[in-house]
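The sequence and coordinates are shown first, and the description follows.

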Amino acid sequence: MHWYLGRIGQYALVLLAALSLNFLLPRAMPGSPLRFLAGEDVGMLAPAQVAEIRARYGLDQSLGAQYVTYLRNMATGQWGFSYQLGKPVLAAIRDRLPWTLLLVGSSLLVATLFGIFVGALAAWRRGRGLDTASLTGAIVVDSLPTFWLGMILVAVFAVELRWLPIYGAYTPWGPRSGLPYLLDVLRHLALPATTLTLASLSGTFLVMRYAMLDTLGQDYIRTARSKGLPERQVLVKHAVRNALLPVSTVVFLNLGFLIGGATVIETVFSYPGVGTLLFQAVLNRDYPVLQGAFFILTVSVILANVIADLVYPILDPRVRGSGS
Amino acid sequence: MHVLTRIAVAALAWSLLASAWAVNHGLPMRMAITQDEGTLTPYTYQTGYPGYELMTLIYEQLFLMDEDLVPQPWLAASLDIHDDVHYRIELREGVMWQDGTPFTADDVAFSIGYYQTHVLGRFTTSANKVVDVEVASDLEVTLTLAAPDAGFVQTGLADLPMLPRHVWEGIDEPRNMTEAMGTGPYRLIEYQPEQFYRLAANDEYWGPEPAFDTLIAAVIRDETATFQALQAGEIDVAVRPVPAGTVERFEAARDIDVQQGAGFPSTILIMDVTQPGLDDVRVRQVIASSIDYVRLVDILLLGYGTLGTPGFLHPANPFANPDTAEYERITPEQVAGRLGEAGYTRGGDGVFENADGVRLAFEFLAPANNPTRLRAAELIALDLNAAGIRVTVRSIENEALVQRAWPDFDVSQGRDFELSMFGWSAPVNAQANLRGLLHSDTTKGTLNLSGYGDPEVDRLTDEALVTTDPDARRELLYRVQERLADDLPLITLFYQDGIYAYRPAAYDGWTYMAGQGIIHKGSFLRR
């Protein structure tokens, strides 16, 4: 119990620090949101009118006063209106979240499963063809810029072969319900999700491979083998299960970034996720969106850590002893 | 692989292809736009181009600029101007809002009042020129201006979108307005933020028949992705100009056509003329004469551009003075002579300085996220360094640059730069807004980022504003351009040509509007 209380205190501190940074960082950026409050032609306005607009949005107050208002609003759930979208911040984020969860979630799932599978296999066949090929492949793909990878996939599968669409999450004039809609969404998901999967594959793969190599060298594996257990059983029941521990940490960390979206990929594929929302908010100095979105991001990363903290003792009984 | 799995995979692949066929059958006009444009109302659209053009497919103006930049009566049927300030407007008969309510003079009066009380950069300034609105009947209204304004038809009547009084009357916070409804040829059927707009032809439209039954404006932010989508046949037209490097490829493509024409957005070099060194007109002249403009257009735009003119206005602008069409070019030897006359000699490091210790060494701001402008700054730095003027290019993020060159978009707050890359959007040129660029009074010269002031220019631009006779006005603007070409508080580097690509099989009625391109209302109507 004591251990959990300490953890909760730590997280509360992190949260407060994050809240303050979320307020300060957007305002520390040079530039101002005026262009989005008064329209592109803000330069045509008289200074008094510009001042009036600043006052209406509270931008004329001191930073301290704005900070107090901000903390109060965050606490009471009044996250305000987006400057650029003219709608509540929460609604703006809610619109985007499902697409980001779909894109990042599916990619993460595939990348994790594939990474674990190939990582385990590569370690088991260490130094052989599969190992060398997958290791080289992972390092090569990992070092490619994501947007470039996306562009190449687009050039091949969308422009040349014309199999898959380039932009959006679904066809604007297409079906909106039932199986046809689902298939349309999947078709639009294919290229961005493949790009993101390729881009995030190497993390899990490399961790799994090294963990597996480590495990395979352990005494209990030798014991299992000398007991005459079939190799498949040694691998799955004894080696993989133990090697999964470090991988689970990576997975939980990734989960925290699930809702942050994948800005680059979302931009390349015009995918309507949280990543593009954030990117645009940064460009437009849309303080309310930045504050709201980064707050949710912070909370989700912290939450993922909390879950990892809670789950780890279950996965690894050794930690339980030292914790209590 | 298990047999069942194989069957499942095959079935999935087949249904994916089938759904692709179904989705792509019976296509609407598909247009790629560059960013989200809000709810497409006058208070929520974002960009002057293409946002304003898209918004005015729904909300219309009393006048419409035609392809040659001449205002034509639109919701107005006729206009009589008395004593330069009384604008008696007869409205077109039978115009309905999209909800079936008739459009009347009351709506005109309401719209002008609304723009006056609900501040918005583009519309409030023109609306504020009106001091009195008199509704004589349902179809007749007279606007009275505070002072004569030669550009009011263009900057006011052809610019202000009319608002339906019965909808907007109760709206206090127009930025949160979600319902787009006007008199225009298209209705907004669906808006998915950051994704797309779906517009449908307004069957009850009073004017020329809309060219498309359905129009999809899809947001594709990435330039490369936009043109890949065009190539792949996923869109039919892009509002974004084709990058110079890919023009040839599109011209060679059989299923894609390209239209090219004058582009009014300018790329300029601004100077803080209150800085030591830059406050000397002879130094500014040497800077302007040392830049290789041809090389800028050749290297940066691959020739798809127009050389900047010392008088700022694009040569295709009807007000451009043909006598201020080119910058003088001088050799490094001539530079030494000119700067010598101004009291400057080369220091030990080859940089010119004068007896008061003023060194001609400047920081040159360039936007990091605009490769063309950044490269332009680097090329100009080469020219100026060779001439003995030390220029250090500093690349900073665009919003940060704007904040230093134009703090809070208010020139009365001063400036914090020496040299900077900058650019003005097309309307500054189309409206020949030299007063905004050059007037020393910060309430009039709201775009005067250089801190320039000249009584003669103030007088000429003030007079041009109230001179309604076109020839007399042109003469005044010619003289302003001559002063600008001599004094050089800003250097116009080049105008990027507008090059637009589309799929003619889908639609080939696109017309080129001078200075702007193919996306304007005329292109969306059958005529």
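In this predicted model, the centres of domain 2 of chain B and domain 3 of chain B, taken over C-alpha atoms, are separated by 36 Å. The contact draws on nine residues from domain 2 of chain B and eight residues from domain 3 of chain B. On the side of domain 2 of chain B that touches domain 3 of chain B, four residues are nonpolar, three are polar and two are charged.

These two domains belong to an assignment for chain B whose bounds are set out below.

| Domain of chain B | Residues |
|---|---|
| Domain 1 | 3-50 + 184-240 |
| Domain 2 | 63-168 |
| Domain 3 | 266-496 |

Turning to chain B as a whole, its secondary structure consists of 17 helices and 21 strands. Along the principal axes, the C-alpha atoms of chain B fill a box of roughly 80 × 80 × 40 Å. A compact globule with 527 residues would have a radius of gyration near 24 Å, and the 26 Å of chain B agrees with this. Of the 527 residues in chain B, 50% are buried. Among the contacts in chain B with a separation of 6 or more, 66% are between residues 24 or more positions apart.

V130(B) lies in strand β6 of chain B, which covers residues 130-137. Is V130(B) buried or exposed? V130(B) is buried, because 22 other C-beta atoms lie within 10 Å, and a residue counts as buried when 20 or more do so. Leaving aside neighbours within four places in sequence, V130(B) is in contact with I112(B), L143(B), T144(B) and L145(B). By C-alpha to C-alpha distance, V130(B) and L269(B) are 35 Å apart in space, and they are 139 residues apart in sequence.

The final topic is the contact between the two chains. Chain A contributes 48 residues to this contact and chain B contributes 51 residues. On the side of chain A that touches chain B, the elements giving two or more residues are α3 (47-56), α7 (146-160), α8 (178-216) and α11 (263-268) of chain A. The residues on that side of chain A comprise 28 nonpolar, twelve polar and eight charged.

Conventions. Residues are numbered from 1 along each chain as its sequence is written. Chains are lettered from A and ligands numbered from 1 in the order in which they are written. This is a predicted model: local features need pLDDT of at least 70, side-chain atom pairs count only at pLDDT 80 or more; totals for chains, interfaces and linings use all residues. Two residues are in contact if their C-beta atoms, placed from the backbone, lie within 7 Å. Helices (H or I, at least four residues) and strands (E, at least two) are DSSP runs, numbered from the N terminus. Ala, Val, Leu, Ile, Met, Phe, Trp, Tyr, Cys and Pro count as nonpolar, Asp, Glu, Lys and Arg as charged, and the others, Gly among them, as polar. The radius of gyration is taken over C-alpha atoms; the globule rule is 2.2 Å times the number of residues to the power 0.38. A residue is buried if 20 or more other C-beta atoms lie within 10 Å of its own, exposed if 12 or fewer, and partly exposed in between; C-beta atoms are placed from the backbone. Domain bounds come from an automatic or database domain assignment.
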